[in-house]
Amino acid sequence: MSTSNPTRRDFLKATGAVAIASTLPVNLVELAFADSRKNFTFAYISDAHIQEIRDGKFVRNWDRGLIRAVAETNLLDPKPDFVVFGGDLAQLGKKSELDHGAEMLAKLGYKTYCVMGEHDYYLDLGEYWSKLYGDHYYSWDHKGVHFVVLNSVLTYDEWTFNRWPTAEQRMLEMAGLDNPNGSPFMVGQKQIDWLRQDLAKVKPDTPVVVFSHSPIQKIYKGWNFWTEDAEDVQALLKPFRDATVIYGHVHQIQYNQIDNITFHAVMATAWPWPYPSTYAQAESKLPKLTVPMNRADPFFERDATGWQFIDVYSGRVAMHYNLYNNKSRTVAFNPKTGQPEDSVYQSPDGRIDPQVHY
Amino acid sequence: MTKRIGVAALAVAALALGVIGLSARADEFTKADLERWEKEYMTVVQKGRELWVSADLGTNGVACAQCHPNGANTHPETYPKFQQQLGRVVALREMINWCLQNPLEGEPLPLDDPRMVAMESYLAWERRGVEMAPGKH
C-alpha cells in the first residue's frame, strides 16, 4: 500500500478503492482550481501496442496490459470525467489490431478521447483509425479548461509518400524505435496554423492542456523522443498562464518545465522503455527535473507498465502513476517553485537505488 | 646412458620448438590482419543486430528490440552476475534465453549457438566504451 499522498487518498476514499488503486497502473490526472469545486480528474491510458501474431491471434502480454488498465479505470471512484487514450493502440496499424484494441477500449465506461500514434498511422496514414475515432486533431472545453489533441507523429512528405515501395514497409520502418531508417516526428505547418486559430479564441488565463503522442520537446532524436517542430508549438502556448503537455510514446515517467509549459509523459500498458541516457553511444537530454521510475524487472510481466489518473486543480495537473509492482507515484505542479515535482522522490536525498539507470 | 639420451632428446625438442616458433611468428600480425579480424567481428555484430530486430526468434512476433532499443538495458558489462530473480550467478546468454522463452514465447538457443554469439556480440558493440562492472545489479 502506498497512499501517502493526501490528494490521492481523498480521491480514492471510497471503500475498497484504495486497496484496488494501489495496484492500478492508470495515469489519473487531476486538474485542481483555487475554487476546489472546480477540480476534476481524468484518466490516461496509452501505448497498448496490440499486436497480431497471425489469423486473429494476438500477443497475450500486450492484450493483458490494456485489459487490466481498462478494467481498473472502470473501478475508479469517484469516476474520472473522461479518459484519454494516448496513441499506439496497434503495433503495425492493421485493421485487425485496431479493431481488437478498440473492442477492449470500448469497455471503458467513460467518454474516451483518442490520440494518434505512429503505430496507428503509418500503414494507411490514419484512414482506418479515423473510421473508429474521427479527426486526427481537435479541441474541446471542459470545466474551464481548453483541451487540444494534436497528431504529432507526422514527418517529411518525402519520407511518407516517396521513400518506401509499400505501405507495409513504411509502417515497419517507422515501427522500429531504434531504426535508423525512421524519420523525426513533427506536427506540421497545417496543424500549427489550425492550432494558432484554435487558440486565438482562448483567453490567456484559461488553462490549456495539450495531448500529443510524441513529446512536444526534444529529448532524444534517435528514438523519436522528439518533435522536430516542438518550438513552434511551444511558441503558440507561450501566451497562456497555465499550459500543460501530456504525451505518450516514451513508455516511462518523464516530466519537465519549459517557461510556462509543464510536460508530463505517461506510461505504456504494453512494455517499458529504457531511459535514452542508458544508450551508451548517444547523448540524450532527459529533463534534469525528471526522477526516473524504478528500473523494470522483466520477471514481473506488468512491472513498469501502467496507467494514470490526473487531478486538475488551479488549471494545473497532478499526475498519479499507478504502478503495478512498485509504490505509486505522484508528480504535481508546485506553485512555489513553478515546476512539476515528485511528492516523495524529488530531492536528490530522497531518491532510491532502483531509480538509478545505467 | 639413458639419462644422456634423454637430455639430448630434450635439447632436440627444444630446438625444434624454437624453429617452429620462429616460422609461425605467433606475435606478429599486419594491419591487413587487424582489418580482417575487425571485419569478421563486425559481420557477426551485424548478424546479431538482424536477430535483435527479428520476429523469427520467438513464436509471437515480438522482437528483442521492442523492449531493448539499441540493446539498452541489457547491461552486458555486468555479467556474469548474481541474477537475483534466478537465485544464482548467470551469464548474459542465459538471460537472453530467458527473454526468448518468456516475452518472445519461444525456445532457448544452445548456449554456443552462433546466433547466441551474434546477439552477445551486438550487445557488447552497442555497449562499447562502458567500464566493466562484473556482478553489478
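Anything in between is partly exposed. Keep these cut-offs in mind while reading this predicted model.

Start with A:E103. This residue sits in helix α4 of chain A, which covers residues 95–105. A:D88 is 15 residues away from A:E103 along the chain. Their C-alpha atoms are separated by 15 Å.

Now take A:A304. It belongs to the loop between β12 (261–265) and β13 (306–313) of chain A. Is A:A304 buried or exposed? A:A304 has 24 C-beta neighbours inside 10 Å, so it counts as buried.

**Backbone exceptions**

Most residues other than glycine have a negative phi, and most peptide bonds are trans. Two residues and two peptide bonds of this model go the other way. A:A304 has a positive phi, near 65 degrees, and is not a glycine. B:E105 is not a glycine either, yet its phi is positive at about 50 degrees. The peptide bond from A:D77 to A:P78 is cis. So is the bond that joins B:Y79 and B:P80. The two prolines both lie in loops: A:P78 between α3 (60–74) and β5 (83–85) of chain A, and B:P80 between α3 (64–67) and β1 (81–83) of chain B.

| Site | Angle | Value |
|---|---|---|
| A:D77 to A:P78 | omega | near 5 degrees |
| B:Y79 to B:P80 | omega | about -5 degrees |
| A:A304 | phi | near 65 degrees |
| B:E105 | phi | about 50 degrees |

**Chain A as a whole**

Chain A has 10 helices and 16 strands. Its radius of gyration is 19 Å, close to the 21 Å that the globule rule gives for 358 residues, so chain A is as compact as a globular protein of that length. The C-alpha trace spans about 55 × 45 × 40 Å along its principal axes. Of the 358 residues of chain A, 53% count as buried. Among contacts in chain A with a separation of 6 or more, residues 24 or more positions apart account for 71%.

**A strand inside chain A**

How many of the 6 residues of strand β2 (residues 40–45) of chain A are buried? The number is 6 of the 6, so the strand is largely enclosed by the rest of the structure. Both of its faces are covered. One side carries A:F40, A:F42 and A:Y44, and the other carries A:T41, A:A43 and A:I45.

β2(A) has neighbours in both senses. With β13(A) it runs antiparallel, joined by 3 bridges. There, A:F42 stands opposite A:I310. With β5(A) the pairing is parallel, again over 3 bridges. In that pair, A:A43 has A:V83 as its bridge partner.

**Chain B**

Chain B has 5 helices and 2 strands. Along the sequence they follow the pattern α-α-α-β-β-α-α. Of its 137 residues, 26% count as buried. Among contacts in chain B between residues at least 6 apart in sequence, 64% join residues at least 24 apart.

How do two of these helices meet? α4(B) and α5(B) pack at an angle of about 105 degrees, with their axes 10 Å apart. Angles of 65 to 115 degrees count as roughly perpendicular, and therefore α4(B) is roughly perpendicular to α5(B). α4(B) contributes B:L92, B:R93 and B:I96 to the contact, while α5(B) contributes B:M116, B:M119 and B:E120. By class, the contact has 4 nonpolar, no polar and 2 charged residues.

**Where the chains touch**

The contact between the chains takes 16 residues from chain A and 17 residues from chain B. On the side of chain A that touches chain B, 10 residues are nonpolar, 5 are polar and 1 is charged.

Technical notes
Residues are numbered from 1 along each chain as its sequence is written. Chains are lettered from A and ligands numbered from 1 in the order in which they are written. This is a predicted model: local features need pLDDT of at least 70, side-chain atom pairs count only at pLDDT 80 or more; totals for chains, interfaces and linings use all residues. Helices (H or I, at least four residues) and strands (E, at least two) are DSSP runs, numbered from the N terminus. A residue is buried if 20 or more other C-beta atoms lie within 10 Å of its own, exposed if 12 or fewer, and partly exposed in between; C-beta atoms are placed from the backbone. Two residues are in contact if their C-beta atoms, placed from the backbone, lie within 7 Å. Ala, Val, Leu, Ile, Met, Phe, Trp, Tyr, Cys and Pro count as nonpolar, Asp, Glu, Lys and Arg as charged, and the others, Gly among them, as polar. Axes are lines fitted to C-alpha atoms, for helices over the stretch in contact, and angles run from 0 to 180 degrees between N-to-C directions. Angles under 35 degrees count as roughly parallel, over 145 as roughly antiparallel, 65 to 115 as roughly perpendicular and the rest as oblique. The radius of gyration is taken over C-alpha atoms; the globule rule is 2.2 Å times the number of residues to the power 0.38. Two strands pair if DSSP finds at least two bridges between them.
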